[in-house]
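Please open the model in a viewer and keep the selection panel at hand.

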Amino acid sequence: MSAAPGTVQHGYERNVRELERWLAAASDSDLRRRSSGTRWTNEELLFHMVFGYMVVQALLPLVRVLGVLPAPFSRGFARLLNAGTAPFDVVNYLGSKAAARVFNRKRMAAKLRRVTRSLERRMGRESDAAMARGMSFPDRWDPFFTPWMSLADVYAYPIEHFDFHATQLSMGPGGVL
């Protein structure tokens, strides 16, 4: 999964432009329409796509700490989190529904831009050794989490997450982007 920092930065910028374009073109009814293959509306799904980036901000310190500890620590932590997949799924679903009310169409693009800029600054300060370190992940929480992820993988994760969910949007004429 991991990509060169320049490729990741390009992906961040592309995702921001896409979100801005979708939000500018979307009607209120587009945003209220159910997305394709999820229980979220398009607006809630768009927030969930932004949230994938926000999650990375929270994961970075965790990967830095667990990435230097002996492997059994992160494997045990990942097993514990995997055991809590069902409650996580509920919180993930309801959290995106609720948060889309605050980070709605008027605020989510600015939020994504701030988050991606922050991630780009942090990534630019990472050493090659830090980018190669990683930890075990709860791979049942997200289809793009793998059993072990490097810091570079974590920086690349939200692009894949965003791009996947973009295929589930049902906006525009006939519900197609």
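The model is predicted, so local features need pLDDT of at least 70 and side-chain atom pairs count only at pLDDT 80 or more, while totals for chains, interfaces and linings use all residues. Residues are numbered from 1 along each chain as its sequence is written, and side-chain values use heavy atoms, with hydrogens and water left out.

**Stop 1: helices α1 and α8**

Select residues 5-25, helix α1, together with residues 151-166, helix α8. Helices (H or I, at least four residues) and strands (E, at least two) are DSSP runs, numbered from the N terminus. Two packed helices are described by the angle between their axes and the distance between the axes. Here the axes come within 9 Å and cross at roughly 35°; axes are lines fitted to C-alpha atoms, for helices over the stretch in contact, and angles run from 0 to 180 degrees between N-to-C directions. The crossing of α1 and α8 is left-handed, a term for a near helix turned anticlockwise from the far one by less than a right angle (right-handed if clockwise).

Next, centre on G11 in helix α1. With 4% relative accessibility, G11 counts as buried (under 20% relative accessible area; exposed is over 50%, partly exposed in between; 1.4 Å probe, protein chains only). Leaving out residues up to four places away in sequence, G11 touches Y53 and I159.

**Stop 2: helices α3 and α6**

Which residues of α3 meet α6? Select E43, L46, F47, V50, Y53, M54, V56, Q57 and L60 in α3, and M108, K111, L112, V115, T116, S118, L119 and R122 in α6. The axes of this pair come within 10 Å and cross at roughly 25°. That angle makes α3 roughly parallel to α6 (under 35 degrees; over 145 is roughly antiparallel, 65 to 115 roughly perpendicular, and the rest oblique). The crossing of α3 past α6 is left-handed.

R117 also lies in helix α6, and its 45% relative accessibility makes R117 partly exposed.

**Stop 3: aromatic rings**

Rings of Phe, Tyr and Trp (its six-membered ring) pair if their centres lie within 6.5 Å; planes under 30 degrees apart count as stacked, over 60 as edge-to-face and the rest as tilted. By this rule there are 10 aromatic pairs. Select F47 and F103, a stacked pair with 6.0 Å centre to centre and 15° between the planes. F47 lies in α3 (residues 42-66) and F103 in the loop between α5 (85-102) and α6 (108-125), so the pair ties together parts that are 56 residues apart in sequence. Both F47 and F103 are buried.

A charge sits over a ring if NZ of Lys or CZ of Arg is within 6 Å of the ring centre and within 35 degrees of the ring normal. The charged end of R39 likewise sits over the ring of Y93, 3.8 Å from its centre. Finally, select Y12, W22, Y53 and F162, which form one aromatic cluster.

**Stop 4: strand β1**

Select S136 in strand β1 (residues 134-136). S136 is buried, at 8% relative accessibility. Beyond residues up to four places away in sequence, S136 touches S74, R75, A78, P147 and W148.

Terms used. Contact = heavy atoms within 4.5 Å.
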